[in-house]
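Trainee: Could we go through the packing of this protein together?
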Amino acid sequence: MDRRHFLKDVSVAAAAVAVTPAALSCSGKNGTAPCKIVASQETKVLIIGGGPAGVCAAIASARLGIPTLIVEEGGCLGGMATRGLVSPFMTCFDATGEIQCIRGLFGEIVDRLVELGGAIHPRDVRHTSPFSAWITAGHDHVTPFDAEILKYVLDKMCAEAGVKVLLHSSFVSPIMKGDKVAGAVVLTKKGLWEIKADQVIDCTGDGAVAAGAGVPSEFGNQELGKVQPATLFFRINSVDSKKLEADVMAHIHEFRKVDGVSYRALHWHVLKAEENGEWDIARKSVNIYRAVREDEWAVNCTRIPNVDATDSESLSAGEAEGRRQVMEMMHFFRKYVPGCENAALMCSASTLGIRESRHIKGGYLLTADDLLSCRVPEDSILLASNSVDVHGRNGAMGTEYKTISGGRWYGVPYRSLLPEGADNLLIAGRCLSASSDAAGAVRVIPPCMAMGEAAGTAAALSAKAGTTPKRLDTGDLLAALKNQNVFLG
């Protein structure tokens, strides 16, 4: 069955059985009872979304002595890094590869992973190696890590900080008092809970809290009228890595980019599979990254277009299409790739890797020009050098990839975490106030963790001072971040 018909069939099936948990929770014996709040609680800082940004926001807030609660719809913290299997962490170093510019909680998490044998420190990983998928530009000092050990590390750090963690719970709506976001209604296994809070941080990735509060946003790239394609990551093991690496090194001189399409690792085998009618994926090569253990690899190659991350039917179809592509790729590895004859599928991600959905409008719109020109605003809460990486820009197989020039890093301003119109609300992660292209750089995990740490710190300081994040003294925030080993130049 081809991709087009597969997606159509899955979409129809999803629509036929779509019954949301929220609808079920609002049904009485006769199916007519109104929705009821079954529990109410209060906290000082409430974080919605337990991904890379959310978990760092929670730890940062709680470490400052503020009662903090984090709500996550999955069964673990870490989001894209754990449930999404997005690996490795992209670079946390400056453009020269000399200075680690993303530190703070991200650096602490990496150190703990390394101590447990769950990561290789980025200082020891260079570009053009198996750990970087043999990619040079923008891939110096990436961090291979083990998602299972990361789950444990995040649980432990939250427990040590005193974060209250509520898993298996979904955001329903914000609690509004005028323009102030005063908490949220969430759906738990016991029903709808009302959680009141002094400060709320939206770390949903999709800007769900901000959207619910009426904050303006743009969906995807408005000019092009589309979002970047999604990816379902997966991991394989039982690979003879020496044979695989020798095969790539024998062809590495053939790496190239033509009309925005990358011909990198294993493209010579992809060509043969295409000729045999055994490749139906919008890629010409395979991004495959060596993991911590020698026989394990992380694969970032599936490409699922037109996924709307704010729509359950679209996500359902995208997930199924991703798994179809994973099985096609496993056949490809075993048949065509030296060293992968006995490769085993360890696991595919339990959620799609979403590159783009809503871009919330905030106090400052971060642009690609800001990044590429290495601008550092006075209120920068992190420094990064991650490249502008936009998939599907020029055709289904194309990727626009621009590295920074004119400096070692750029800054992400605090104002980009402050949404328009809504008070007592911060945003962190890929839904920050940024253009589609700029978000294509800072959506990766190290900057998202740094954004989360800044948002959590700002929320805690605001709660202590009895003020709002928009009225918080930026100097106090930057001083607190520096005290937390955040590098600001």
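Mentor: We shall take the cores, then a helix pair, then the cysteines. This is a predicted model, in which local features need pLDDT of at least 70, side-chain atom pairs count only at pLDDT 80 or more, and totals for chains, interfaces and linings use all residues. Residues are numbered from 1 along each chain as its sequence is written, and side-chain values use heavy atoms, leaving out hydrogens and water.

Trainee: How many residues has the largest nonpolar core?
Mentor: It has 122 residues. Such a core is a set of buried Ala, Val, Leu, Ile, Met, Phe, Trp, Tyr and Cys residues joined through side-chain atoms within 4.5 Å, where buried means under 20% relative accessible area with a 1.4 Å probe, protein chains only. Helix α12 (residues 445–465) gives the largest share, 12 residues; helices are DSSP runs of H or I, at least four residues, numbered from the N terminus.

Trainee: At what angle do α3 and α12 cross?
Mentor: At roughly 35 degrees, with the axes coming within 7 Å. Axes are lines fitted to C-alpha atoms over the stretch in contact, and angles run from 0 to 180 degrees between N-to-C directions.

Trainee: Changing topic, how many disulfides are there?
Mentor: The count is zero, a disulfide being a pair of cysteine sulfur atoms within 2.5 Å.

Note on methods:
Buried means under 20% relative accessible area, exposed over 50%, partly exposed in between (1.4 Å probe, protein chains only). Helices (H or I, at least four residues) and strands (E, at least two) are DSSP runs, numbered from the N terminus.
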